[in-house]
Every structure is written in C-alpha cells, then in structure tokens.
Amino acid sequence: MHLRPAFSARIGAVLERTALASPVLVMDVAAVVSRYVDLQRALPDAAIYYAAKANPLPEIIRALAEIGSSFDVASGPEIAHCLALGISPHRLSFGHTVKKAAAVADAYAAGIQLFSCDSVGELEKIARHAPGANVSVRLLTNGHGAEWPLSRKFGCEWTMARDLLCHARTLDLVPYGVSFHVGSQQTDPGQWEAPIACAAELFQSVQARGIRLHSLNLGGGFPAHYSAPVLPITEYGAAIAQSLFRHFGRSQPQIVVEPGRFLVADAGIIQAEVVLVARKSYDDDTRWVYLDCGKFGGLAETMDEAIKYRFRVPGRSGRPTPVILAGPTCDSADIMYERTPCYLPADLQAGDRVQILSAGAYTYTYSSVGFNGFAPLRAICA
C-alpha cells in the first residue's frame, strides 16, 4: 500500500503565520501540479481532462492549464469560469449527460465541440443545438469498489450505447467516442477491466456499421488518501494499460482520463474549530465533538460515512479516544461519523483547532450558500 502524503509544509506555514478565521480550506497548488505529473507518468498515453467540479479555484485551473491539462466541465457556469481564465474552448469537454438546451447552445456558441450523452433525448438535444459536434456516449457501470459510487444515474447499457452512436450519424453529429466512470475513490484498479472490455466490443460493433470511433474516456476514480491506505497510482496505470492491450491490442484509440479527487484532495486541508465537546449522559464514554464545519459547510461526502477523513489536532497530545463528530447547524442530519470509528485527543476542548486532511476535493464546491446563516467555506491557496 502507498504511504500517505506528508503534511504540507506550505499549508503548515500559512496556518502558523496567519490568524485565519475558521473554517477555511487551504490549498497547496504545487502539490496539485505534482499529482498531475504523477498521473502523466502512470498513464503516459492518456489525455488528462481535469474535472473542474472537484475544485475550481482559479489558481488551480491556471496551474493545470500551464502544464497542459484540458478540462471536463459540467455546467454553463463552469464553462464560463474556464473561458474567463483563458482556457481555449477546444480544451473543454462538456461531459455532463444531463444538460439544458440553453447550456448546450451556449457551449457550442463558445466553441466547445465535444459533448456527452447517455440517452436519445440528450443526443437529439445536442443535434438541435450543437450541429455537427463530436459526441461521446457514456456506458453504465456498477461502481463496485468505489467509496463514492456513481452508478445508475449516469450511463446506458451496451446495446443502447451502440444505437445512440449509430443514431448520432443520422443526426449529422460525429460519433466520436465512448466514456465510462468506475466510481469516485475507486479502491480496486481491476474495476477498469470490465468496462474497457465492453467498450472494445462496442468499438468493433459500430465499426462493422461503418463508424470509426476515436476516443475512449476512462473517467476518473483514482483515489486520494483518506483513513484507509490506497495503492499507488502506478498500479492503476499498469492495470489499465494491461486491460487496454488485452482488449484493443496495438490499435488503441485516444485514451482520456478525467481526474478530480486524485489531483486536489491531498493538496488541501480544512482548518476547523471545536465549538463544543459534550456527552449525552453521565455514564456515556463517547464524546460528541461539534466543529464549525460540517456536512453543509463542505463535508457533504461524509454522507452515509462514505469518505472518511483523517484529522490532526495541533497543540494537543492527549490519548486518542472515540468521538462522534458533528457539524454546527441545527439540522440533525449534520452528523458526520456516528458508526465509523473516529478518535480525537482526550484533552480536546472548545476553541481548539482541528485540521481535516485530504480535504481539497468536493468541499469548497459542496459548501452551502448559507444554510442556518453560516457563510460558505472560504478557500485560499498557499
């Protein structure tokens, strides 16, 4: 298993020298760039499209653009954000399979040429509002092995994918490729095998009908370092390369990956504050620790206790004892870890700072606009 990344000295310096109001997310942009390079080395033949939704801070988008990244965008505002930062529309892929007609038309007018779909209604919408565009069809996957599965809502079965690609040609669109996603925080490198095999059959099937596809989008799913150790990215790259050779041989299409979490999660730390430490009865051994950052403040991926963050408490050295962790709102759903073992120092007190590690992905963007009047999670870059 891969060793967890060291605590970022750059983030540590910011937190030590600056009295930042809590809660705040601090991002190490250099660490994001380093992870991009790691992924490039693991999958040297793949085009990388960063999933902007994971963390769209301008500093991150600019840094990734400078080293050659393209971008997967999921909405009109994400497109506008990237264009405003100087990203060429030819480096953007509108990968969401459920889009308003106006969003398709605006993206096409801006110069975007690559769209995704997984249904006939979406395909025909693209034909009406982005005539002649390149279209990729998304396959349905089961999400096994992922801590944040993405199954059922997106993708379609093999036969429907084949029919959509054929129908795209009749609509004067360009049947460009196939995509899939094995689920976010995917802990099993072998989970790319089955959809790659399915995609290879799909390529062959439509080729027999005179359609030559160009691209295979493997999605994201590459994991960050939360509470459980994960395999190094090199093992994911090796497993994917073997699957591609097994099913496509030496005639492989252009491979695309859409990392989000892998690039930014480990590069971010949320500094939160303990609001209250309490017990529910005199004989209750378990403490409840309420932080000023909870599910509605950026930690939405603790829903169903799927993503299990690690914690650091500077200045406290007491013996770690079990706690139930909750957020500051008056919503009873704002409990993060009631079943998952969570340990914090026994001498923890209200006012202490708690650092939530590997919190750079899907926190800043998941934060509510102002539930209970709490401001959205702030973010700065080291």
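Start by selecting strand β13, residues 287–291, together with β15: in this predicted model, the two pair in the parallel sense over 4 bridges. Now pick out Trp-288 and look across to β15, where Ile-324 stands opposite.

Stay with β15 and select the whole strand, residues 320–326. Is β15 largely enclosed or largely open? Of its 7 residues, 5 are buried, so the rest of the structure largely encloses β15.

To see one spot along it, click Thr-321, whose bridge partner in β17 is Leu-344.

Then bring in strand β16, residues 335–337. β16 and β15 run antiparallel too, joined by 2 bridges. Zoom in on Leu-325 and you'll find Tyr-337 of β16 as its bridge partner.

Time for some helices. Select α5 (residues 101–110) and α6 (residues 120–129). How do you describe such a pair? For two packed helices, you give the angle between their axes and the distance between those axes. The axes of α5 and α6 come within 9 Å and cross at roughly 45 degrees, which makes α5 oblique to α6. Their crossing is right-handed.

Last stop: show the side chains where these helices touch. From α5, select Ala-101, Val-104, Ala-105 and Tyr-108; from α6, select Lys-125, Ile-126 and His-129. Colour the contact of α5 with α6 by class and you get 5 nonpolar, 1 polar and 1 charged residues.

Terms used
Residues are numbered from 1 along each chain as its sequence is written. This is a predicted model: local features need pLDDT of at least 70, side-chain atom pairs count only at pLDDT 80 or more; totals for chains, interfaces and linings use all residues. Side-chain values use heavy atoms; hydrogens and water are left out. Axes are lines fitted to C-alpha atoms, for helices over the stretch in contact, and angles run from 0 to 180 degrees between N-to-C directions. Angles under 35 degrees count as roughly parallel, over 145 as roughly antiparallel, 65 to 115 as roughly perpendicular and the rest as oblique. A crossing is left-handed if the near helix is turned anticlockwise from the far one by less than a right angle, and right-handed if clockwise. Contact means heavy atoms within 4.5 Å. Ala, Val, Leu, Ile, Met, Phe, Trp, Tyr, Cys and Pro count as nonpolar, Asp, Glu, Lys and Arg as charged, and the others, Gly among them, as polar. Buried means under 20% relative accessible area, exposed over 50%, partly exposed in between (1.4 Å probe, protein chains only). Two strands pair if DSSP finds at least two bridges between them.
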